[in-house]
Every structure is written in C-alpha cells, then in structure tokens.
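Here are my comments on the model, as numbered points. They go from the ligand site to the backbone and then to the helix packing.

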Amino acid sequence: MKAYCIGSIIWPLLIGLLMTGLVTSCTSGRTGTYSQPTLKEAFKGDFLIGVAVNQAQFTGKDARGAALVEAQFNSIIPENVLKWESVHPRPDKYEFTAPDRYVEFGEKNGMFIIGHTLVWHKQTPQWVFEDDKGNPVDRETLLQRMREHIHTVVGRYKGRIKAWDVVNEAINEDGSWRETQWYKIIGEDFVAKAFQYAHEADPDADLNYNEFALETEPKRNGVIALIKKLKAQGVPITGIGSQMHARMDWPTVAETDAAFDALAKLGLKVMVTELDMDVLPSAGQYKNTDTAIGRLSPDLQARLNPYTNGLPDSVQQQLAKRYADLFGVFLKHRREISRVTFWCVTDTDSWLNYWPVKGRTAYPLLFDGNGQPKPAFDAVIRTVR
Ligand code: GLA
C-alpha cells in the first residue's frame, strides 16, 4: 500500500522530468519557438537539405537568416558570388573576398559546400567573348579564358568546395543546343572542355551538369543524350542537377516522377538543385524586359501581383500540398537523389520578387519574410515516414 502511494507520487514526477528532457533535446536546433524537427534532421537518412545563401546571410549581416540556415540546412550554394560576373568581373580582376566568407561559413557549420556556376550564358561579362575591339574571340582564345577561369576559381577552393555546377543550361526546351556564345564560338565540346578543366583543377570534386525544366520530355531527352555522349567520351561528369523552379500547376507529380526515373538510369548522382514554387500568375511575356510592376496599369498590377497583403489561407494550403506532393516523389527516389536544395531562404530573399517583373510579392519557399515556417514547412516535414 505504502509502495503504491509513493509510486503514485514518484511516477508522475519521473514522467514529467522525462518529458521535459525530451522536449529540451528536441528543441535544440529549432527555429525560435517552433516545435517541429528541423529539415536537416527530418531528412537525415534520405538526402542532404541545402539552400542558396546570399552575402548578407553568410557574412552574418542578416543574423536571422544566418541562424535559420545554420539551424535548418546541412548544405549551401552561393546565390551569386561565384558567378563569373561577380568573381571575375574584369580580365585581370578576381573578387574572392565574398566567396572566401561563403566557404568559411560552410566550414564553420560543417556543411556540404557547393560552387555555382562555372560556365553559363547568363551573369557572364561580355568581355569574356570579345577582343579589345569588341569582335568575337576565336575558339582557342575562349577555351584559354575558360581554362584560366576554372583553374583559378576551382583551384582556390580545392578540397573545400565539394561539388561544382560546371555547366549551366546548355540545352533548349526542344532538346537542341542553346545558341550561346560558348556554343557558337567553341562548338559542342565546350561542355566536355569545361568538365575536363574542372577535373584538372580539383580531381576529387563532384562535377555536375545543372539544368531547368527537365520534366519537359524533349528537353530531358536532349540533356540525356548529351550526358550519355559525355560519359562515352570519358568526360569526368559525376552528377545531374534538376533545378525544379516549379509552379503550382507544373510539373505534375507524374512528370516529376518520370523525370527522376529517366535521370536515375544515367547512373550518376541526381540532385534537386534550385527548388522553389511560384504561386504568382505567369508573367512570362516580361522575362526579357526590365519591367517594374509599378509601371504597369493598375488592373494589370492587381492581376500580376495579387497577394501584396499576405498569402490567403486557401493558397497557403495549396502551396503546402504541392510541396508535400513533390517531396513524396523525392522520397520515392531517395536512393538516387543525394540532395535537395531550395533556391533562397525566405520568401523575401527570392529572385521571384524581381523576376520576370520587378517588385512583385512572391511566396515560393518554406519560410515567410519574417523567417517563420509556413504551413508548407509542416507539410514537408510530415512527408517523412
Ligand atoms: C538559374 C541559375 C541560378 C539562379 C536562378 C534563379 O536557374 O542557375 O543561379 O540565377 O536561375 O535566379
């Protein structure tokens, strides 16, 4: 009887203590008061969870953003500072201050550090392709410039940056070659050469081809044909990145699944490299313009930028479902997918606020403008069984 009485006091106490301990250990690494596991904890056995970071985040100027990155993610990619125009703005000038800070941030936090991007047709200065008189350079000159750039940038971070996006977006939607200056001046083998130079500079780094809209079959077929050819030639390519800049109605679950099925057959590492979800109405007709939303008619502004005062709950829930559906596909392919990277940390960081129209209010990510997790965050965490 006495034992029973003592037990009835002690057991609740013990259980209480145990619960407190559990809650405390579970909250370590969480954002603010949020009571979910972090993304990197949730997908630990499946794939790395990465994010594109901007300079304010990796230098700590944006302390809240930096803390969110540290808490939630175990892999990083620089949004801009390693693009050619930033790191190598003039022929004789490299800017390594920011990239150095980026790599230090990743190392301090024990993260998988990615380099992005070596050869691309965008954010590359025009001098790269021209001589002193503004005429196009010849093949040998451009190859020599490409080699010098890749050796200098990859060589500087040898052994520290573990994976590089070597070539970005070489193929059109119909599977044909994109007529970039790289392609026009060097020819098809500009891709093979870029991989060869990157491998010379760091033989241990993962070297990836990075592309968008691989869920579109003709484009995917063109990319797969290119990669098969590279492999047959012995080109040191180790992975394929599917960017996945998604929309609410594209790609479907079936299209996403089919894309990973096809990519997995290449026998390379497969990665989701730039995930976000555009909830705004399509404004594709403005993509090669410099249009600011404020310059459009009031009607058009209201139509193209409908959520200036916050995302309605119904859309918030649809966004959450879309993310959960896509993560369902990623988990199905977790044996092939080595990492999933979000393109930016919070909604306000996203490029979709200024592309294709400047000054819209976009909601493409898992964290809102205050760094708080959205319903999509919960939905993604819940996909883990
Ligand atoms: C491309 C590039 C990224 C980034 C995104 C969106 O997909 O690979 O570096 O610029 O577009 O801005």
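**Notes on the ligand site, backbone and helix packing**

1. In this predicted model, a side-chain N or O atom of Q243 sits 2.7 Å from an oxygen atom of the ligand. K83 places an N or O atom of its side chain 2.8 Å from a ligand oxygen, and for N168 the distance from a polar side-chain atom to an oxygen of the ligand is 2.9 Å.

2. Which residues are around the ligand? The set consists of K83, H116, W120, Q123, N168, E169, Q243, H245, E274, W343 and W351.

3. Most peptide bonds are trans, and most residues other than glycine have a negative phi.

4. T117 belongs to strand β3, which covers residues 112-119.

5. A cis peptide bond also links W250 and P251, and here omega is about -10°. P251 is in the loop that runs between β7 (245-247) and α11.

6. E169 is not a glycine, yet its phi is positive, at about 60°.

7. The crossing of α11 past α13 is right-handed.

8. Which residues make the contact between α11 and α13? From α11 there are V253, T256, D257 and F260, which meet D325, L326, V329, F330 and K332 of α13. Sorted by class, the contact of α11 with α13 has 5 nonpolar, 1 polar and 3 charged residues.

9. A second pair is α7 (residues 139-156) with α9 (residues 190-201), packed at an angle of about 35° with axes 9 Å apart. α7 and α9 also have a right-handed crossing. On the α7 side the contact involves R139, L143, M146, R147, I150, H151, V154 and G155, and on the α9 side F190, K193, A194, Y197, A198, E200 and A201. The contact of α7 with α9 has 9 nonpolar, 2 polar and 4 charged residues by class.

Key
Residues numbered from 1 in each chain as written. Predicted model: local features only at pLDDT ≥ 70, side-chain atom pairs only at ≥ 80, totals over all residues. Heavy atoms only, no water. Left-handed = near helix turned anticlockwise from the far one by under 90°. Helix = DSSP H or I, 4+ residues; strand = E, 2+ residues; numbered from the N terminus. Contact = heavy atoms within 4.5 Å. Nonpolar A, V, L, I, M, F, W, Y, C, P; charged D, E, K, R; others polar. Near = heavy atom within 4 Å. Polar contact = N/O pair within 3.5 Å; in protein donor to acceptor, adjacent residues only side chain to side chain. Axes fitted to C-alpha atoms, helices over the stretch in contact; angles between N-to-C directions.
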